[in-house]
Amino acid sequence: EHSIQKVQIVDKSVVKDNKTDSLPVKAVVHVSGKPPQAPLNASKVQTGERLNSTGVWKQGGLHKVMTLDSTLKPRDARAMGQFGWAAVVAPDDQEESKRRWSEGYFNVFLSEQIPVDRAVPDTRPPACSQMLVHNDLPTTSVIFCFVDEVWSTLLRSVHSVLNRSPPHLLKEVLLVDDCSTKDYLKDKLDIYMSQFPKVRIIRLKERHGLIRARLAGAAEAKGDVLTFLDSHIECNVGWLEPLLERVYLDRRKVVCPVIEVINDKDMSYVMVDNFQRGIFKWPLVFGWSTLQNDFISKNNIKVSDPLRCPVMAGGLFSIDRKYFYELGTYDPGLDVWGGENMEISFKIWMCGGEIEIIPCSRVGHIFRGENPYGFPKDRQRTVERNLARVAEVWLDEYKEIFYGHSYLHLLDKNVIDIGNLTAQIQLREKLQCKSFKWYLENIYPELEAPLVKAEGLVFNVGNRKCLVQENGSLSFEICDLSKQNQHFSYSWVRTLRQNSTCVSPQATGRGVALEPCDNTKAHHRWLHKSNKFLAEHLIADAHHQRMCLEAGSTGDLAMKPCDASNSYQQWHFTHYYSQ
Ligand code: LR7
Ligand code: MN
């Protein structure tokens, strides 16, 4: 039996008064709220004294103190940006500050003025400092991969880990340099980091992109748990123990801290709203969603309770090292940036794991408007290629919804080569992962994911009959819901489909044909809008007239120049799920 102990943090420090409970940070996380206000007893702060939450001196105390925690005794309480407060650029420096913005797409100039080990407000829910953790937690390797990271933020990231992690739990800090071009990240970084025995630098000889760079770090890691962090973050007090505690309780838990905001303009540390989960919307766009109030009260959820998330943001999480490999790590075929958070999230949930956000663990992150590094290939192309890989491996029949949300061009294999997926598909089989349908029903039931845009009978307004398929040809009949061969659907990839047969407009003969569905075939696609069926890729007419599906007088089907007033060109389905 293992014993448990308190998280190694004493009472809230002075900065407790700085708790941003009253801050108007609204539901959406990453709006930069007001910077925290200076605490009332700011003069006390400057003495470097430690106060408890009631403002009374506390000497020692029952619980172990994190001796290295700079929040409790900042070296220089008068410094800019200290305690996570907003820093200000002097009028004379405005120009330089502007000029240097693009070095990192945040206020690089200001960041340089701020101590590398500044204190930040303890934004944890009050219960967290009382929380008990086991005394035999696993150790962790912290992995930062970076490319051309700004010096001051890279250092602040590393210091925050060294200063706020219990030494016995921090096995090492691995800095994976993803082939940076900046000189200061070479010898100067080696020399600086040589004062910290736990810090090791791994240099990649060519640009790997963050996904394969993380894998390179993981391969070198010796800790029981891997903790990945972005290279422009600040870990808050007591950030590590609550993460490791969850992994300790169940090694299939993959855990994320609450990601708070380091304001890109004034570098203030901003607390974010409680109860936010990582979600995605179509087409696999990451976002945050706040739990509904009635759900919170009905289930009696406390602010410090772990929250299960359908997907993780991607940059900050802890995972049992061996479990990471059992899961097959990331798809190493993902390039540079993007989509890997979706990939690992689906993999974790569908193959037996869990993703949680741990409110007692908090880490600030600088959200930037642009990537401060180049992409070896076009950025947009890189990200959409990654997403297509994820969709092909994990989304099953739901991948059509992904493609249907502005990614139809990815289906054309001549436009984009998404690479070989065999190993990923085999992995999914080997791990006997559940279906995406299971994932949606059990992990993310809130997502709207109708498999088709419309379905049912296809009614023609002109002849007041329904489309029917018989022995491989199409005609019309009195509408009858009970007849399966009158049932069609309009898919996300814009095909008019019955089972695996698609109605395809023909370039010659001006009619339509039934062909086996093939999502890569652009000529199968129809634009079905305002009751028309417009052939998307058919220009049959010398005048480049758009061609529409029309019911002929003899029960046949024809492609005719679109004419909005012709009721024989007007069609509708019995059910529409999306417009
Ligand atoms: O080629 C590269 N090589 C790298 O080493 C590109 C990037 N990197 C490093 C980079 O220096 C940084 O440390 O990888 C890290 C992440 O890159 P960022 O900071 O440019 O990414 P981001 O914060 O804009 O994006 C989020 O989504 C990414 C998708 O691939 C990653 O998952 C990031 O880790 C992730 N960041 C977070 O989750 C923090 C919170 C953001 C939100 C929401
Ligand atoms: Mn980042």
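Reader: Which element gives the most to the lining of the largest cavity?

Author: E14 does, with three residues. The model is predicted, so local features need pLDDT of at least 70 and side-chain atom pairs count only at pLDDT 80 or more, while totals for chains, interfaces and linings use all residues. Residues are numbered from 1 along each chain as its sequence is written, chains are lettered from A and ligands numbered from 1 in the order written, and side-chain values use heavy atoms, without hydrogens and water.

Reader: What makes a space a cavity and not a pocket?

Author: On a 1 Å grid over the protein atoms alone, a cavity is a set of points where a 1.4 Å probe fits but cannot get out, whereas a pocket is an open set with protein on both sides within 12 Å along at least five of seven lines. The structure holds five cavities of 30 Å³ or more. The largest cavity has a volume of about 130 Å³, that volume being the space filled by probe spheres set on grid points joined across faces, edges and corners. Its lining (residues with an atom within 4 Å of a point) has 16 residues, with Val-258, Asp-273, Phe-275, Gln-276 and Ile-357 closest to the centre. Strand E8 (253-262) and strand E14 (354-366) each give two or more residues to this lining.

Reader: What is the volume of the largest pocket, and which residues are closest to its centre?

Author: The volume of the largest pocket is about 1100 Å³. Its lining has 43 residues, and Asp-230, Ala-313, Trp-337, His-365 and Asn-371 are the closest to its centre. Elements giving two or more residues to this lining include helix H10 (340-350) and helix H11 (379-394).

Reader: What takes the space of the largest pocket?

Author: Ligand 1 does. A molecule sits in a pocket if more than half of its atoms lie within 2 Å of the grid points, so ligand 1 is placed in the largest pocket.

Reader: Which residues come nearest to ligand 1?

Author: Of the 28 residues around ligand 1 (a heavy atom within 4 Å), Asp-178, Ser-231, Gly-338, Glu-340 and Tyr-373 come nearest. H6 gives the largest share of this shell, three residues.

Reader: Why does the pair of Tyr-373 and ligand 1, at 2.6 Å, count as a polar contact?

Author: A polar contact is a pair of N or O atoms within 3.5 Å. A polar side-chain atom of Tyr-373 lies 2.6 Å from an oxygen atom of ligand 1, so the pair qualifies.

Reader: Where does Pro-283 lie, and what joins Trp-282 and Pro-283?

Author: Pro-283 lies in the loop between E10 and E11. A cis peptide bond, with omega about 0°, joins Trp-282 and Pro-283. Leu-284 is in the loop between E10 and E11 too, and has a positive phi of about 60° although it is not a glycine.

Reader: Which elements supply at least two residues of the lining of the second largest pocket?

Author: Strand E10 (276-281), E11 and strand E12 (307-308) do. About 390 Å³ of space lies in that pocket, and Arg-277, Leu-291, Phe-295, Arg-308 and Glu-446 lie nearest its centre among the 20 lining residues.

Conventions: A polar contact is a pair of N or O atoms within 3.5 Å; within protein, one must be able to donate a hydrogen and the other to accept it, and residues adjacent in sequence count only if both atoms are side-chain atoms. Helices (H or I, at least four residues) and strands (E, at least two) are DSSP runs, numbered from the N terminus.
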